[in-house]
Amino acid sequence: PPKQKLVYDWSRELPFLAQAMVLAGDELFVAGPPRILDENEAWKHIMANQYREKFREQQRLLDGSKGSTLWAVGASSGRKLGSRHLQALPVFDGMAAAYGGLYVALQDGRVVCLKD
């Protein structure tokens, strides 16, 4: 069968690695640790000395050393609507939206509720 082409309205690079995501109305919430490496470029040079420290630092960020970032994005436009820093990493796929609140399960054992 012929391959189908993926069609989408927008795409966006994030300065963090998405670990949790939830859609609430026309807002998409995405959270994760900072991203300091371009994965495709880094794998081309995995043995190069200049990338070794970046790999180590990225691992520290994946371990939660600097918490995480939460963005609200317009689901139909891809436009960033707001952001906030979270002191811990989100649990993988650990967000839910209900009753006007955004609930985020964090890897440090807390669950936070964010509301307007």
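## Salt bridges, strands and cores in a predicted model

The side chains of Glu 13 and Arg 35 form a salt bridge, with 3.0 Å from N to O. Glu 13 lies in the segment before strand E1 (20–24) and Arg 35 in the loop between strand E2 (27–32) and helix H1 (39–44), so this pair ties together parts that are 22 residues apart in sequence. A salt bridge here is a side-chain nitrogen of Lys or Arg within 4 Å of a carboxyl oxygen of Asp or Glu. Helices (H or I, at least four residues) and strands (E, at least two) are DSSP runs, numbered from the N terminus.

The model is predicted: local features need pLDDT of at least 70 and side-chain atom pairs count only at pLDDT 80 or more, whereas totals for chains, interfaces and linings use all residues. Residues are numbered from 1 along each chain as its sequence is written, and side-chain values use heavy atoms, with hydrogens and water left out.

### Charged pairs

By the rule above, the count comes to 2 salt bridges. The other joins the side chains of Asp 108 and Arg 110, at 2.9 Å from N to O.

| Residue | Relative accessible area | Class |
|---|---|---|
| Glu 13 | 64% | exposed |
| Arg 35 | 23% | partly exposed |
| Asp 108 | 44% | partly exposed |
| Arg 110 | 36% | partly exposed |

### The sheet

An open sheet is formed by 4 strands in the order E1-E2-E3-E4, with antiparallel pairing. E1 and strand E4 (80–86) stand at the edges, each with a single partner strand, so one side of each is left without a neighbour in the sheet. From one strand to the next, the twist averages 15°; axes are lines fitted to C-alpha atoms, for helices over the stretch in contact, and angles run from 0 to 180 degrees between N-to-C directions.

Two strands pair if DSSP finds at least two bridges between them. E1 and E2 pair in the antiparallel sense over 5 bridges. Ala 20 stands opposite Ala 31 in E2, and Ala 24 stands opposite Glu 27 in E2. The hairpin of E1 and E2 has 2 residues between the strands, and in this hairpin Gly 25 takes a positive phi near 65°.

### Nonpolar cores

A nonpolar core is a set of buried Ala, Val, Leu, Ile, Met, Phe, Trp, Tyr and Cys residues joined through side-chain atoms within 4.5 Å. The largest one has 14 residues, and those with the most contacts inside it include Phe 29, Leu 70, Met 95 and Val 104. Two or more residues each come from E1, E2, strand E3 (68–74), strand E6 (101–106) and strand E7 (111–115). E6 gives the most to this core, with 3 residues. Apart from this core lies another, of 6 residues, among them Phe 16, Leu 28, Val 30 and Val 73.

### The aromatic pair

The structure holds 1 aromatic pair. Phe 16 and Trp 71 form this edge-to-face pair, at 5.5 Å centre to centre and 75° between the planes. Phe 16 is in the segment before E1 and Trp 71 in strand E3, 55 residues apart, and the pair thus links distant parts of the chain. Phe 16 is buried at 3% relative accessibility, and Trp 71 is buried at 7%. Rings of Phe, Tyr and Trp (its six-membered ring) pair if their centres lie within 6.5 Å; planes under 30 degrees apart count as stacked, over 60 as edge-to-face and the rest as tilted.

Terms used. Buried < 20%, exposed > 50% of the residue type's maximum accessible area, 1.4 Å probe, protein only.
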